[in-house]
Amino acid sequence: MTSARRIIIVGGGPAGVAAALAAKQQDAAADVVLLNDEHHEPYEKPPLSKAVLTGKVMPHDAPIAGPKGVAGSGVALKGGTRVRSIDRAARAVVTDSGERIPYDALVLATGSLNRVLPLFPVGQPGIYYLRTEAEARALKAHLDRSKSLTVIGGGLIGLEVAASAAELGMRTTVIEIAPRLLSRVSDEETSALVHERHRARGVDIRVGSVISALRELPDGRREIATGDGAVIAADLIVVGTGAAPDDALAKAAELAVDDGIIVDDHGRTSDPAIFAAGDCTRFPGPHGPVRLENWRHAQEHGAIAGRNAAGGDAAYNVAPSFWSEQYDLYIQGVGWPAAKPARRIRRPLPGKNALMLETDGSVLNYALGINVQRDMAAIRRLIERKIPVDAQALADPGQPFNAMLKAKA
């Protein structure tokens, strides 16, 4: 009698949960075990910088696997379990407690770590980074008794925290070293729209600003000095300056690593029995190896890795996407932005709506929109299917994207 395949997943984020559920779907008889270093059911992280900070929800209100948790799908969850090392020869992981857990296939979904600025060390009073529910709860408690906040970083996380603080009535400042907000994902015009919305809500945006010093004031506040001579004091500081892949476990196991765990289009690492997915990986993109940090990529990549770890044969070739909620702006991006797009097209839309499209020849490769959720669903399919599009039709608000899909179907 053949024993059931044992599949171990390390990491309780969206990639890990998706891998566990997909592995169980692929092989219902498999023994699928999810190892999570936090002590509770895996939860959605997007609300941490938004609804959790404003007090609308708690992290446990949004379990990734739904109300029944991962156990409802037949996955065993071992919470509070941190993996110390991988014994590749014996095909086992070793936990901090010394427990050895054997595997037939292993999926690493270790995610990413906050990039810590030396001037703002973790654990210093009044300074916060945001990645876990414990960090969100601690920040929320401090927000409730504070009047002012400085956010370091004008990317998605930083701006979401700033929007949450502004909604709570706090005096909020954002310091960004780049010449504009959202410079990694946005064109200048969309960036300006987001900037103006924050300014209208009272947020003080400082772009092109380099921090030169930090000191504690007698009243407990923190004061930041910038290179242009400005001085900004606040009750607390949130640092949101990006993330680094958590690939230390893979590196110690001598897997191929290069600013992320190297995987092929099936999520397989340099060890055929080990897969990896999500923020911790570097995978084949249309222009070479790439690493992404967003919820949808983690979920979809995790599902591919989990399915293949359980005997499947699926390739990862979806168009990546992200979203961000700030005030009444629902910002979405989908596809592969180019450093120098062949053509950039804007579709004129009313009110706070906006849509920018980038093409490579006759096909779409990237789109960035504000409050255009229905359009973005069709645009995603246009990008994934590489359907030829007409530039004049893209710029015409009277030309629905669904019609472009049907015309070329």
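**A guided look at a sheet, its helices and its cores**

Guide: Let's start with helix 4 (residues 188-200), which lies across strand 22, strand 23, strand 24, strand 25 and strand 26 and runs at about 10° to strand 26. Here contact means heavy atoms within 4.5 Å. Axes are lines fitted to C-alpha atoms, for helices over the stretch in contact, and angles run from 0 to 180 degrees between N-to-C directions. Helices (H or I, at least four residues) and strands (E, at least two) are DSSP runs, numbered from the N terminus.

Visitor: What should I know about the model before going on?

Guide: This is a predicted model, where local features need pLDDT of at least 70 and side-chain atom pairs count only at pLDDT 80 or more, while totals for chains, interfaces and linings use all residues. Residues are numbered from 1 along each chain as its sequence is written, and side-chain values use heavy atoms, leaving out hydrogens and water.

Visitor: In what order do the 5 strands of the open sheet come?

Guide: Strands of a sheet pair through backbone hydrogen bonds, either parallel or antiparallel. Two strands count as paired if DSSP finds at least two bridges between them. In this open sheet the order is 22-23-26-25-24, with antiparallel pairing. Strand 22 and strand 24 are the edge strands, each pairing on one side only. From one strand to the next, the twist averages 15°.

Visitor: Is helix 3 mostly covered or mostly uncovered?

Guide: An α-helix has 3.6 residues a turn, so residues three or four places apart point the same way. Helix 3 is mostly covered, with 9 of its 12 residues buried (under 20% relative accessible area; exposed is over 50%, partly exposed in between, with a 1.4 Å probe and protein chains only). Its buried residues pack against strand 10, strand 11 (171-175), helix 4, strand 16 and strand 22.

Visitor: Which residues have the most contacts inside the largest nonpolar core?

Guide: A nonpolar core is a set of buried Ala, Val, Leu, Ile, Met, Phe, Trp, Tyr and Cys residues joined through side-chain atoms within 4.5 Å. The largest has 35 residues, and those with the most contacts inside it are L130, L139, L143, L149, V161, V174 and L236. Helix 3 gives the largest share, 6 residues.

Visitor: Why is the pair of F283 and Y316 called edge-to-face?

Guide: Rings of Phe, Tyr and Trp (its six-membered ring) pair if their centres lie within 6.5 Å; planes under 30 degrees apart count as stacked, over 60 as edge-to-face and the rest as tilted. The ring centres of F283 and Y316 are 5.5 Å apart with planes at 80°, so this pair is edge-to-face. Both residues are buried. F283 and W336 have ring centres 6.4 Å apart and planes at 55°, so that pair is tilted. Ring pairs link F283, Y316 and W336 into a cluster.
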